Amino acid sequence: HHIDDGQDALDYLFSEDKTSPDLVLLDLKLPRVMGYEILKIIKENTELSTIPVIILTSSTEEDDMETCKMLGADGYISKLSMFDTLIEKVKEVLERKKLLA
């Protein structure tokens, strides 16, 4: 699923009639609810906390990277990075999830 709005993302994650995603690719700058808040909510919720979250953002700021790490992000990729980096990070995170299951 592709969702462009932070509140819509939360509505989806907490809807009763959906299956949990295997992975969330999350931008930090979303309308209505910022990515930091979504990440925090996901990682603090017992039903959602095992979903891997990779931050995919235009920010290369060290503070943003550290904040996301502190909030529990499973990966951080600047949109300026190569597409191959995204593919490798997704594989790594999903493989880790399998090992923990």
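## A polar contact at Asp5

A polar contact is a pair of N or O atoms within 3.5 Å; within protein, one must be able to donate a hydrogen and the other to accept it. This model is predicted. In it, the side chains of Asp5 and Arg32 make such a contact, at 3.0 Å.

Asp5 sits in the segment before helix α1, which spans residues 6-13. Its relative accessibility is 13%, under the 20% limit, so Asp5 counts as buried. The side chain of Asp5 also reaches back to the backbone: one of its polar atoms lies 3.0 Å from the backbone nitrogen of Asp8. Beyond its neighbours within four places in sequence, Asp5 is in contact with Pro31 and Arg32.

Arg32 belongs to the loop between β1 and α2. Is Arg32 buried or exposed? Its relative accessibility is 60%, over the 50% limit, so Arg32 counts as exposed.

Most residues other than glycine have a negative phi. Arg32 is not a glycine, yet its phi is positive, at about 70 degrees.

## Helix α1 against helix α2

Two packed helices are described by the angle between their axes and the distance between the axes. For α1 and α2, the angle is about 15 degrees and the axes are 10 Å apart. An angle under 35 degrees counts as roughly parallel, so α1 is roughly parallel to α2. The crossing of α1 past α2 is right-handed.

Which residues meet here? From α1 come Gly6, Ala9, Leu10 and Leu13; from α2 come Ile38, Ile41 and Ile42. By class, this contact has 6 nonpolar residues, 1 polar residue and no charged ones.

## Helix α2 against helix α3

Helix α2 covers residues 35-44 and helix α3 covers residues 62-71. They pack at an angle of about 20 degrees, with 9 Å between their axes. That angle is under 35 degrees, so α2 and α3 are roughly parallel to each other. Here too the crossing is right-handed, as α2 passes α3.

On the α2 side, the contact is made by Tyr36, Leu39, Lys40 and Lys43. On the α3 side, Asp64, Thr67, Cys68 and Leu71 take part. How do these residues divide by class? There are 4 nonpolar, 1 polar and 3 charged. The α1 contact with α2, by comparison, has no charged residues.

Phe14 lies in the loop between α1 and β1, a strand of residues 24-26. With a relative accessible area of 41%, Phe14 is partly exposed. Leaving aside neighbours within four places in sequence, Phe14 is in contact with Ile41, Asn45 and Leu48. One of these, Ile41, also belongs to the α2 side of the contact with α1.

Phe14 and Leu71 are 57 residues apart in sequence. In space, their C-alpha atoms are 19 Å apart.

## Ser78 in strand β3

Strand β3 runs over residues 75-78, and Ser78 lies in it. Is Ser78 buried or exposed? Ser78 has a relative accessible area of 9%, under the 20% limit, so it is buried.

What does Ser78 touch, apart from neighbours within four places in sequence? Ser78 is in contact with Thr57, Ser58, Ser59 and Thr60.

Methods:
Residues are numbered from 1 along each chain as its sequence is written. This is a predicted model: local features need pLDDT of at least 70, side-chain atom pairs count only at pLDDT 80 or more; totals for chains, interfaces and linings use all residues. Side-chain values use heavy atoms; hydrogens and water are left out. Axes are lines fitted to C-alpha atoms, for helices over the stretch in contact, and angles run from 0 to 180 degrees between N-to-C directions. Helices (H or I, at least four residues) and strands (E, at least two) are DSSP runs, numbered from the N terminus. Angles under 35 degrees count as roughly parallel, over 145 as roughly antiparallel, 65 to 115 as roughly perpendicular and the rest as oblique. A crossing is left-handed if the near helix is turned anticlockwise from the far one by less than a right angle, and right-handed if clockwise. Contact means heavy atoms within 4.5 Å. Ala, Val, Leu, Ile, Met, Phe, Trp, Tyr, Cys and Pro count as nonpolar, Asp, Glu, Lys and Arg as charged, and the others, Gly among them, as polar. Buried means under 20% relative accessible area, exposed over 50%, partly exposed in between (1.4 Å probe, protein chains only).
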